[in-house]
Amino acid sequence: MIASVRGTVLAVRLDAAVIEVGGVGMLVHSTPATLAGLRQGASAQLATSLVVREDSLTLFGFADDDEREIFEVVQTVSGVGPRLALAMLAVHSPDGLRRAVAGEDLAALKRVPGIGHKGAQRIVLELADRLGAPTSAPDADPAPQDDRRSQVVDALVGLGWTARAAQDAVAGVLGSASGPVGGDEVAGVLRAALRALGGVRG
């Protein structure tokens with residue numbers, strides 16, 4: 001298993017990055033939030049999980065070991081593959097998923113594209129007591145909403161969009177939100193903005 005990669009970022013795409021390791025460009029699939037923290041030409045290190053199939057070897061990258069562990073554990077649920085597991089981490093932080101499962105918050109789980117009511121119930125049932133307790137409180141050190149907006153805009157600019165396009169997309173997402181954006185939702189706003197820009201198919 002390839003547990004981590006470290007090297008120069010050769011390219012950042014909408015759903016993956018190419019990182020040069022020992023002269024080899026490795027394609028690493030990741031969440032929009034993790035990709036937004038990478039910069040072409042800069043050095044980066046990602047925790048990784050290698051998914052082996054009969055016809056493919058696919059490498060997934062994460063900001064830390066905790067994300068990777070959650071990614072691997074949620075795939076033990078019937079019907080959850082690596083793509084859906086990655087989508088879960090694109091919408092929720094590891095602690096956000098822990099709270100959703102522990103609190104049987106089906107609505108939170110259903111915000112992930114590809115998860116319906118029955119799927120959310122199955123996730124709660126099969127992951128009960130398997131994800132561990134959250135490591136932080138839901139509202140620990142929250143940033144003001146303006147700071148969150150700036151975080152998402154900066155991430156979109158880092159992925160190649162103009163500041164104006166990024167601002168318009170974020171404004172549209174936040175304008176359609178039914179409530180305030182919490183700390184765990186920054187990645188969700190980023191993903192929704194990417195979808196609005198036509199960059200991610202949910």
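Student: Which residues does arginine 68 touch, not counting residues up to four places away in sequence?

Tutor: The model is a predicted one. Arginine 68 itself is found in helix H2, residues 65-74. Once residues up to four places away in sequence are left out, arginine 68 touches Met1, Ala3, Ala47, Thr48, Ser49 and Phe62.

Student: Does arginine 68 count as buried or exposed?

Tutor: The relative accessibility of arginine 68 is 16%. Buried means under 20%. Arginine 68 therefore counts as buried.

Student: With which side chain does the side chain of arginine 68 make a polar contact?

Tutor: A polar atom of the arginine 68 side chain lies 3.5 Å from an oxygen of threonine 48, but that oxygen belongs to the backbone. The contact between side chains has a distance of 3.2 Å. The partner in that contact is aspartate 65.

Student: Which element supplies the largest share of the largest nonpolar core?

Tutor: The largest nonpolar core has 29 residues, and Phe71, Val80, Met88, Ile123 and Leu127 have the most contacts inside it. Strand S5 and helices H2, H3, H4, H5 and H6 each supply at least two residues of this core. The largest share, seven residues, comes from H3.

Conventions
Residues are numbered from 1 along each chain as its sequence is written. This is a predicted model: local features need pLDDT of at least 70, side-chain atom pairs count only at pLDDT 80 or more; totals for chains, interfaces and linings use all residues. Side-chain values use heavy atoms; hydrogens and water are left out. Helices (H or I, at least four residues) and strands (E, at least two) are DSSP runs, numbered from the N terminus. Buried means under 20% relative accessible area, exposed over 50%, partly exposed in between (1.4 Å probe, protein chains only). A polar contact is a pair of N or O atoms within 3.5 Å; within protein, one must be able to donate a hydrogen and the other to accept it, and residues adjacent in sequence count only if both atoms are side-chain atoms. Contact means heavy atoms within 4.5 Å. A nonpolar core is a set of buried Ala, Val, Leu, Ile, Met, Phe, Trp, Tyr and Cys residues joined through side-chain atoms within 4.5 Å.
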